[in-house]
Amino acid sequence: MSYRILMITSEAVPFAKSGGLADMVSALSIELYQSGSDVRILMPLYGFISKEELKLIDPNFEVSYKNYKENCALYEGKLPLSKIPVYFLDSAKFYERNGIYGPTASSAYPDNGLRYSLLSRAALQLGKRIDWNPQIFHSHDWPTGLNPVYLKLSDKETSSSKCASVFTIHNLGYQGRFSMRNTPWAGITPEIVHQYHFEDQNRMNYLKAGIENSDMITTVSPTYASEIQTKDFGHGLDPILSRRSKYLKGIVNGVDYNDWNPEIDKHIVPHNYSLADPDGKKALKKQLQKEMGLEISTSKPLFAMISRLVEQKGIEELCGPGNGVLEGFCKNNDVQLVILGTGEKWCETELKRLGEELDNLSVTISYNDYLSHLIEAGADFFMMPSRYEPCGLNQLYSLKYGTLPIVRRTGGLADTVQAPDKEDCNGTGFLFDEISPEAFLAALEKACSYWYEKPAIIEQMKILAMEQDFSWGPSAEEYLKVYKEALTIASGK
Ligand code: ADP
């Protein structure tokens with residue numbers, strides 16, 4: 001199976017990244033390309049993307065729908081180490097800014113509705129401009145949720161349905177709700193919003209638009225696909241997701257092992273290590289302790305966390321003033337902790353305060369790619385107390401680096417990390433169920449007790465963790481099946 005696929009996305013590494021979506025789009029594209037599909041990517045030309053290596057292919061690319069018109073330009077680049085074309089939609093008015101969704105990680109540009117409706121619309125006009133017609137329009141998360149709507153609208157105009165739409169939910173917690181007062185957004189009127197079922201209490205809901213109107217929906221793990229059909233995880237969209245469950249599939253994200261593999265990771269040279277030659281990990285633990293200003297110790301377990309510091313990630317359970325586990329865990333146990341992240345101000349402030357107060361806790365408030373690799377390599381345990389986690393990438397990296405994940409049993413974490421059984425066999429990490437500081441603490445203390453009292457089991461778990469294979473191959477195969485199904489559905493309309 002091979003298809004012509006256009007990925008429509010607000011993020012793709014290495015050009016723009018705020019989270020796992022950016023990794024997924026590029027890695028899946030490469031895997032699909034390598035198995036024979038003609039994959040291309042369309043994304044905005046944000047102000048921080050250099051034009052130096054891009055080719056201007058159209059200085060007057062007009063994006064229009066009905067009475068709406070916007071003069072844009074179109075640039076072309078390549079995904080590094082591949083021949084995959086990346087088309088950049090250039091609009092000084094909408095994209096030439098220093099942020100993706102807003103000036104800071106926790107704020108949004110007021111015209112995001114229009115910015116991303118433009119991108120979704122442009123996808124339909126790209127084919128004509130470059131003389132290439134995708135069979136699959138694969139859009140991702142709320143920014144490109146309108147793409148399936150534009151496709152349906154254009155089907156009506158041209159009565160051609162040779163293509164299908166696939167929409168991937170990376171995180172149901174972000175839905176892109178915009179006032180209808182200022183429509184038309186790139187030709188969208190309140191009548192269209194109503195007719196295509198994406199109104200949401202007098203607003204438009206872009207994520208809902210994608211879910212209601214795409215031929216197939218995917219999300220990034222089987223457990224998350226079930227969870228989002230329930231009230232607890234559905235963020236208000238569970239009834240629609242249940243109704244469309246026949247078209248919804250959960251596929252675990254793979255890992256880009258060119259980037260995240262301790263054997264070849266360029267960030268940890270010269271201490272690269274592997275299952276066959278594991279010694280480098282010890283040197284990297286020392287290096288991490290040194291760089292983070294912690295005591296050099298091989299005997300103490302080193303716990304780590306790298307995260308966006310937002311509610312979803314369990315920051316309340318981690319360090320909520322008065323009830324978070326962090327202070328007590330650091331004070332009452334012979335352990336060390338390293339935390340890297342950015343996000344909610346209260347959390348950054350509290351973590352910094354604790355980092356200054358506690359000798360065995362090092363806190364870095366920044367986005368730091370190098371450090372994230374060193375932490376994965378040098379730590380012994382990796383903490384992900386997420387309230388919900390569509391897939392999660394860090395636990396997958398952790399497994400490969402022999403850094404045992406301690407995770408809440410939810411979404412992709414439940415699908416990829418295995419607790420030791422009654423005989424202490426077959427474990428790759430530690431899991432807990434309840435969203436509470438007590439449950440999280442119990443899991444941390446369990447890991448700690450295994451470290452001190454069952455070191456042979458810990459070694460066995462590390463080996464099994466490093467043996468896990470979450471490469472993109474099998475997941476890309478699953479996507480190909482979804483594309484086939486989507487085309488069958490689309491052609492039957
Ligand atoms: P999400 O997409 O919800 O943020 P994921 O676990 O799926 O969570 O992906 C997060 C990605 O972002 C990982 O690649 C992780 O290493 C990276 N990341 C998050 N915060 C930081 C940070 N402060 N510095 C470096 N990398 C980070």
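**Helix packing and buried residues in the predicted model**

Helices α8 (residues 280-291) and α12 (residues 369-378) pack against each other with their axes 8 Å apart, at an angle of about 130 degrees. (Helices are DSSP runs of H or I with at least four residues, strands are E runs of at least two, and both are numbered from the N terminus; axes are lines fitted to C-alpha atoms, for helices over the stretch in contact, and angles run from 0 to 180 degrees between N-to-C directions.) That angle makes α8 oblique to α12; under 35 degrees counts as roughly parallel, over 145 as roughly antiparallel, 65 to 115 as roughly perpendicular, and the rest as oblique. The crossing of α8 past α12 is left-handed, a label used when the near helix is turned anticlockwise from the far one by less than a right angle, with clockwise giving right-handed. On the α8 side, the contact (heavy atoms within 4.5 Å) involves Lys281, Leu284, Lys285, Gln287, Leu288 and Glu291, while α12 brings in Tyr370, Leu374, Ile375, Glu376, Ala377 and Gly378. Sorted by class, the contact of α8 with α12 has 6 nonpolar, 2 polar and 4 charged residues. (Ala, Val, Leu, Ile, Met, Phe, Trp, Tyr, Cys and Pro count as nonpolar, Asp, Glu, Lys and Arg as charged, and the others, Gly among them, as polar.)

A word on the ground rules: this is a predicted model, in which local features need pLDDT of at least 70 and side-chain atom pairs count only at pLDDT 80 or more, while totals for chains, interfaces and linings use all residues. Residues are numbered from 1 along each chain as its sequence is written, and side-chain values use heavy atoms, with hydrogens and water left out.

Asp380 sits in the loop between α12 and β16 (381-384). With a relative accessible area of 5%, Asp380 is buried; buried means under 20% relative accessible area, exposed over 50%, and partly exposed in between, using a 1.4 Å probe and protein chains only. Setting aside neighbours within four places in sequence, Asp380 is in contact with Lys285, Lys300, Pro301, Leu302, Gly402, Thr403, Leu404, Trp451 and Lys462.

Trp451 also turns up among the buried residues of helix α15, which are Pro437, Ala439, Phe440, Ala443, Leu444, Ala447, Cys448, Tyr450 and Trp451. (The expected span is 1.5 Å times one less than the number of residues.) The axes of α15 and helix α16 (residues 455-467) come within 5 Å and cross at roughly 110 degrees, which makes α15 roughly perpendicular to α16. Here Ala447, Tyr450, Trp451, Tyr452 and Glu453 of α15 meet Pro455, Ile457, Ile458 and Met461 of α16. The contact of α15 with α16 divides into 8 nonpolar residues, no polar ones and 1 charged.

Helix α1 (20-34) gets the same length check: its 15 residues should span 21 Å at 1.5 Å a residue, and its end C-alpha atoms are 21 Å apart, which agrees. Leu21, Ala22, Asp23, Met24, Val25, Ser26, Ala27, Leu28, Ser29 and Leu32 of α1 are buried. The cover over the buried residues of α1 includes β1, β2 (38-44), β6 (136-140), β7 (164-169), α13 (394-400) and α17. Just after α1, Gly36 takes a positive phi of about 110 degrees.

The axes of α1 and α17 come within 9 Å and cross at roughly 80 degrees, so α1 and α17 are roughly perpendicular to each other. Met24, Ala27, Leu28, Glu31 and Leu32 of α1 make this contact with Trp472, Gly473, Ala476, Tyr479, Leu480 and Tyr483 of α17. By class, the contact of α1 with α17 has 9 nonpolar, 1 polar and 1 charged residues. Leu28 has a relative accessible area of 0% and is buried. Leu28 and Trp472 are 444 residues apart in sequence, yet 6.7 Å apart in space, C-alpha to C-alpha.

Further along, Ala486 lies in helix α17 (residues 472-491) and counts as buried at 0% relative accessibility. Not counting residues up to four places away in sequence, Ala486 touches Ala164, Ser165, Val166, Asp215 and Met216.
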